[in-house]
Amino acid sequence: MQAERGGRYRNWKWAAAAALLILLLAALNFWSRSKSAPADPQLFADVQLSTVAADYDPALRSGNGNSDLRTAKNAFSSADWQAADRAFDLALAKTPAAETAVLEQIYFYKGLIHLKLDDFSAAAALFSKSLETGAGNFEKDARWLRGLALVKSGDPQAALPDLQKT
């Protein structure tokens with residue numbers, strides 16, 4: 001009986017030691033990864049922008065009755081950036097100023113297109129226009145992406161307010 005109790009106690013000590021070792025290794029792994037985060041703002045922006053078009057695929061989002069807007073979104077979903085840009089321009093020309101939510105969406109998607117075309121200054125300007133509509137549906141995303149576009153255009157200091165807000 002005495003040996004059995006000692007054996008259980010010994011097994012419990014080994015299990016506790018193993019659990020502590022696993023926690024220690026996990027903490028070291030987490031700490032080392034946080035230390036190796038990219039300090040280069042360009043690299044950071046590249047990583048964030050690598051899947052930007054797929055993240056905002058309009059085929060997965062709600063539709064709109066505007067046929068030009070629907071055509072633009074279909075071209076965007078097909079990654080036909082030039083056709084999507086032209087179609088968004090047509091939709092923009094036909095959208096009344098009072099339809100701020102539609103205008104916000106058009107400028108936002110045009111900004112995404114210019115990100116994909118590596119025209120970062122134009123993308124930042126389009127995200128600014130999206131924000132200026134005041135509709136607010138894409139506000140957080142537009143700020144975040146404008147900040148990344150400003151970093152990629154070589155002006156990380158101008159990006160700080162947007163990145164800090166998000």
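Visitor: At roughly what angle do the axes of helix α6 and helix α8 cross?

Guide: This is a predicted model, in which local features need pLDDT of at least 70, side-chain atom pairs count only at pLDDT 80 or more, and totals for chains, interfaces and linings use all residues. Residues are numbered from 1 along each chain as its sequence is written, and side-chain values use heavy atoms, with hydrogens and water left out. Helices are DSSP runs (H or I, at least four residues) numbered from the N terminus, and axes are lines fitted to C-alpha atoms over the stretch in contact, with angles from 0 to 180 degrees between N-to-C directions. The axes of α6 (residues 100–116) and α8 (residues 139–152) come within 11 Å, and they cross at roughly 30°.

Visitor: Which residues of α8 make the contact with α6?

Guide: Contact means heavy atoms within 4.5 Å. On the α6 side the contact involves E104, F108, L112 and L115; on the α8 side it is made by E139, D141, A142, L145 and A149.

Visitor: Is α5 roughly parallel or roughly antiparallel to α6?

Guide: The axes of α5 (residues 81–94) and α6 come within 10 Å and cross at roughly 160°. Angles under 35 degrees count as roughly parallel, over 145 as roughly antiparallel, 65 to 115 as roughly perpendicular and the rest as oblique. The α5 helix is therefore, relative to α6, roughly antiparallel.

Visitor: Is R143 buried or exposed?

Guide: R143 lies in helix α8. Buried means under 20% relative accessible area, exposed over 50%, and partly exposed in between (1.4 Å probe, protein chains only). Because its relative accessibility is 18%, R143 counts as buried.

Visitor: The side chain of which residue is joined to that of R143 by a polar contact?

Guide: Leaving aside residues up to four places away in sequence, R143 touches L131, D162, K165 and T166. A polar contact is a pair of N or O atoms within 3.5 Å; within protein, one must be able to donate a hydrogen and the other to accept it, and residues adjacent in sequence count only if both atoms are side-chain atoms. At 3.5 Å, such a contact joins the side chain of R143 to that of D162.

Visitor: What is the relative accessible area of D118?

Guide: D118 is in the loop between α6 and α7 (120–132), and its phi is positive, near 60°. D118 is exposed because its relative accessible area is 55%.

Methods:
Helix = DSSP H or I, 4+ residues; strand = E, 2+ residues; numbered from the N terminus.
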